[in-house]
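Biologist: I am new to this structure. Please take a close look at one part for me: the side chains and what they meet.

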Amino acid sequence: MTTSQNTEKKKSGVFGKILAWLLIIIFLAVGGWVYYRYYFVFGEGVKSGYLNFAVKKGNLFKTYEGKLIQEGLRTQTGSGVSSNEFEFSVENDSIFKILELNSGKYFDLHYKEYHGVLPWRGNTRYIVDEVINMK
């Protein structure tokens, strides 16, 4: 084996290692971004108000969606006043059944907020995971 063949093998080996590490770093960065965007819980809280509706809808993924009308008024940009509305999604069937059967009642709902929306999780960034109180 000549010296030029040995040098060429060393260069290709180093290049392969650099490429492998680069791909691992890119894979980990993309995985971290996906986790942060779609699975990291950004915020949690409780919203209270009257349940306007709870529906199951969707073209490909059937998801549970709802709207809570909160007491009080807020001013919109421009003229007029509107109510505070909280649109949310529900993953749990049993929570949806409670909401569906009690539309129009006053609820305290615990929710989690995510940075992004997944089509099988719902149409909103807010996912209701618990009914705290119902009046």
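**Rings, core and charges**

Modeller: Start with a cluster of rings. Phe86, Phe88, Tyr111 and Tyr126 are joined into it by ring pairs. Keep in mind that the model is predicted. Ring centres must lie within 6.5 Å to pair. By that rule the count is 9 aromatic pairs.

One of them joins Tyr50 and Tyr106. Their centres are 5.0 Å apart, and the planes make an angle of 75°. That angle is over 60 degrees, so the pair is edge-to-face. The two residues are 56 residues apart, and the pair links distant parts of the chain. Tyr50 sits in strand β1, residues 41-57. Tyr106 sits in strand β4, residues 106-114. Tyr50 has 38% relative accessibility, so it counts as partly exposed. Tyr106 is buried, because its relative accessible area is 17% and the limit for buried is under 20%.

Now go back to the cluster. Phe86 and Tyr126 form an edge-to-face pair too, at 5.4 Å centre to centre and 65° between the planes. Phe86 belongs to strand β3, residues 81-90, and Tyr126 to strand β5, residues 126-134. They are 40 residues apart, so this pair also links distant parts of the chain. Phe86 is buried, with a relative accessible area of 4%. Tyr126 has 23% relative accessibility and counts as partly exposed.

Some rings meet a charge as well. Arg121 lies over the face of Tyr114, 3.9 Å from the ring centre. The charged end of Arg37 sits over the ring of Tyr38, and here the distance to the ring centre is 5.9 Å.

Next, the nonpolar core. Phe88, already named in the ring cluster, is a member of the largest nonpolar core, which has 14 residues. The members that touch the most others are Leu51, Leu68, Phe88, Val90, Leu99, Leu109 and Val128. Which elements give two or more residues to this core? They are β1, β2 (63-75), β3, α2 (93-101) and β4.

Now the charges. Side chains of opposite charge can pair when their charged atoms come close. How many salt bridges does a search of the whole structure find? It finds 5. One of them joins the side chains of Glu85 and Lys67, at 3.4 Å from N to O. Glu85 is in strand β3 and Lys67 in strand β2, 18 residues apart, and the pair links distant parts of the chain. Glu85 is partly exposed, with a relative accessible area of 43%. Lys67 is buried, at 14%.

Glu87 forms a salt bridge with Lys67, and the closest N and O atoms are 3.7 Å apart. Glu87 lies in strand β3 and Lys67 in strand β2, so this bridge ties together parts that are 20 residues apart in sequence. Glu87 counts as partly exposed, at 43% relative accessibility.

Another bridge lies elsewhere. The side chains of Asp129 and Lys112 meet at 3.9 Å, N to O. Asp129 is in strand β5 and Lys112 in strand β4, so parts 17 residues apart in sequence are tied together. Asp129 is partly exposed, at 31% relative accessibility. Lys112 is partly exposed as well, with a relative accessible area of 27%.

Lys67 also brings the topics together. Not counting residues up to four places away in sequence, it touches the bridge partners Glu85 and Glu87. It also touches Phe86 and Phe88, which belong to the ring cluster. Tyr50, Leu51, Asn52 and Phe53 are in contact with Lys67 too. Of these, Tyr50 forms the ring pair with Tyr106, and Leu51 belongs to the largest nonpolar core.

How values were computed. Residues are numbered from 1 along each chain as its sequence is written. This is a predicted model: local features need pLDDT of at least 70, side-chain atom pairs count only at pLDDT 80 or more; totals for chains, interfaces and linings use all residues. Side-chain values use heavy atoms; hydrogens and water are left out. Rings of Phe, Tyr and Trp (its six-membered ring) pair if their centres lie within 6.5 Å; planes under 30 degrees apart count as stacked, over 60 as edge-to-face and the rest as tilted. Helices (H or I, at least four residues) and strands (E, at least two) are DSSP runs, numbered from the N terminus. Buried means under 20% relative accessible area, exposed over 50%, partly exposed in between (1.4 Å probe, protein chains only). A charge sits over a ring if NZ of Lys or CZ of Arg is within 6 Å of the ring centre and within 35 degrees of the ring normal. A nonpolar core is a set of buried Ala, Val, Leu, Ile, Met, Phe, Trp, Tyr and Cys residues joined through side-chain atoms within 4.5 Å. A salt bridge is a side-chain nitrogen of Lys or Arg within 4 Å of a carboxyl oxygen of Asp or Glu. Contact means heavy atoms within 4.5 Å.
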